[in-house]
Amino acid sequence: MQELNNKIAELLTNNLVSIFISYKKGLNGKIKPAFFTKPNEVYENYFGDEAQQNLAVYVHKPEVKKYSKVGILANIFALKALLQLYAENQIKDNYLTIVTVNQDNKVIVFADFNEIESYIAQHQIEKNTNKQKEINELLSLSREKRWEFWVEQLSSCIKCYACRAICPMCYCSKCTVELNQPQWISVPAHSLGNFEWHIMRMMHLACRCINCQECSRVCPMNIPLHLLTTKINSDMEEEFGQIAGMKTTLDFALNTFKVDDYENFIR
């Protein structure tokens, strides 16, 4: 921890970054995001297993964008999110100083996104067997039973959009759900509107979701949204061989096509 604190303080002292995004302990010891702008604030920094939130979501925020040089502490999921954002041309070169702590508690400062790509390739995230078991159990049900499952789950959605707010891949300045000319998604929290919202969100995340599962973690209604994102990630990998957050440049499965595709719909 001291090595990490020293590195953050050094970056701030030498004006290599104007703000550094990390974690600190809040009330009742709860871990929350922290935004350090002065070296003497770094003593509040905290990094441990409880620090789960994907901090990459904050690089979109206007309050952060006003700083010309931003530093960020990134766990493996945040690294994948940042790499995906870079591939989508949402992060400029030299805008971020990205720091991580590896399994040996060594502090690493990445020189560029190519280094991040190499690091991620060498530190693959093992698939969560419990999550996969949940998906397999759901897939073993009949279509009618699966429909009943999701009707029950999504009927509790209150349209708070916490899943959108926490997702690093949701960076549009105005979301489709906020448009009313035309209004694509019904505003009230009822069955049809809830289905429209979550289906649209899943389609927008296809080949883009880095599977941090923050959406499920923050959902106040405990809807297992990770089942949807994990399944769509699996389908994208199986059908198109694509995994989000792995490369600096990407081909997107749902906005490219081949004229010699054997499917008739392409002609």
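## Helix 4 and its cap

Aspartate 112 caps the N-terminal end of helix 4, with one of its side-chain oxygens 3.1 Å from the backbone nitrogen of asparagine 114. Please keep in mind throughout that this is a predicted model.

Helix 4 spans residues 113–122, and its buried residues are Phe113, Ile116, Tyr119 and Ile120. Looking down the helix axis, you will find these buried residues within an arc of 110°, so they line one face of helix 4. What lies over them? The cover for the buried residues of helix 4 includes helix 3 (76–87), strand 4 (96–101) and strand 5 (107–109).

## The largest pocket

Helix 4 also takes part in the largest pocket, where it supplies at least two residues of the lining. So do helix 1 (2–13), helix 3, strand 4, helix 5 (129–139) and helix 10 (225–240). Helix 10 gives the largest share of this lining, with five residues.

The volume of the largest pocket is about 1400 Å³. Its lining has 46 residues, and those nearest the centre are Ile76, Phe77, Gln124, Ile125 and Glu126. Sorted by class, the lining of the largest pocket holds 20 nonpolar, 18 polar and eight charged residues.

## The second largest pocket

Two or more lining residues come from each of helix 2 (62–65), helix 7 (162–166) and helix 8 (191–205).

Which element gives the largest share of the lining of the second largest pocket? That is helix 8, with five residues. By class, the lining of the second largest pocket divides into 15 nonpolar, six polar and eight charged residues.

## Threonine 229 in helix 10

Back in helix 10, have a look at threonine 229, which is placed in this helix. Is threonine 229 buried or exposed? Its relative accessibility is 1%, and buried means under 20%, so threonine 229 counts as buried.

Which residues does threonine 229 touch, leaving out those up to four places away in sequence? The contacts of threonine 229 are Arg201, Met202, Leu205, Cys209, Asn211 and Cys215. Of the elements met above, helix 8 covers residues 191–205, and Arg201, Met202 and Leu205 carry numbers within that range.

Definitions and conventions: Residues numbered from 1 in each chain as written. Predicted model: local features only at pLDDT ≥ 70, side-chain atom pairs only at ≥ 80, totals over all residues. Heavy atoms only, no water. Buried < 20%, exposed > 50% of the residue type's maximum accessible area, 1.4 Å probe, protein only. Helix = DSSP H or I, 4+ residues; strand = E, 2+ residues; numbered from the N terminus. Arc of directions from axis to C-beta. Contact = heavy atoms within 4.5 Å. Polar contact = N/O pair within 3.5 Å; in protein donor to acceptor, adjacent residues only side chain to side chain. 1 Å grid on protein atoms, 1.4 Å probe; cavity = no way out; pocket = protein on both sides within 12 Å on 5 of 7 lines; lining within 4 Å. Points joined across faces, edges and corners; volume = space filled by probe spheres on them. Nonpolar A, V, L, I, M, F, W, Y, C, P; charged D, E, K, R; others polar.
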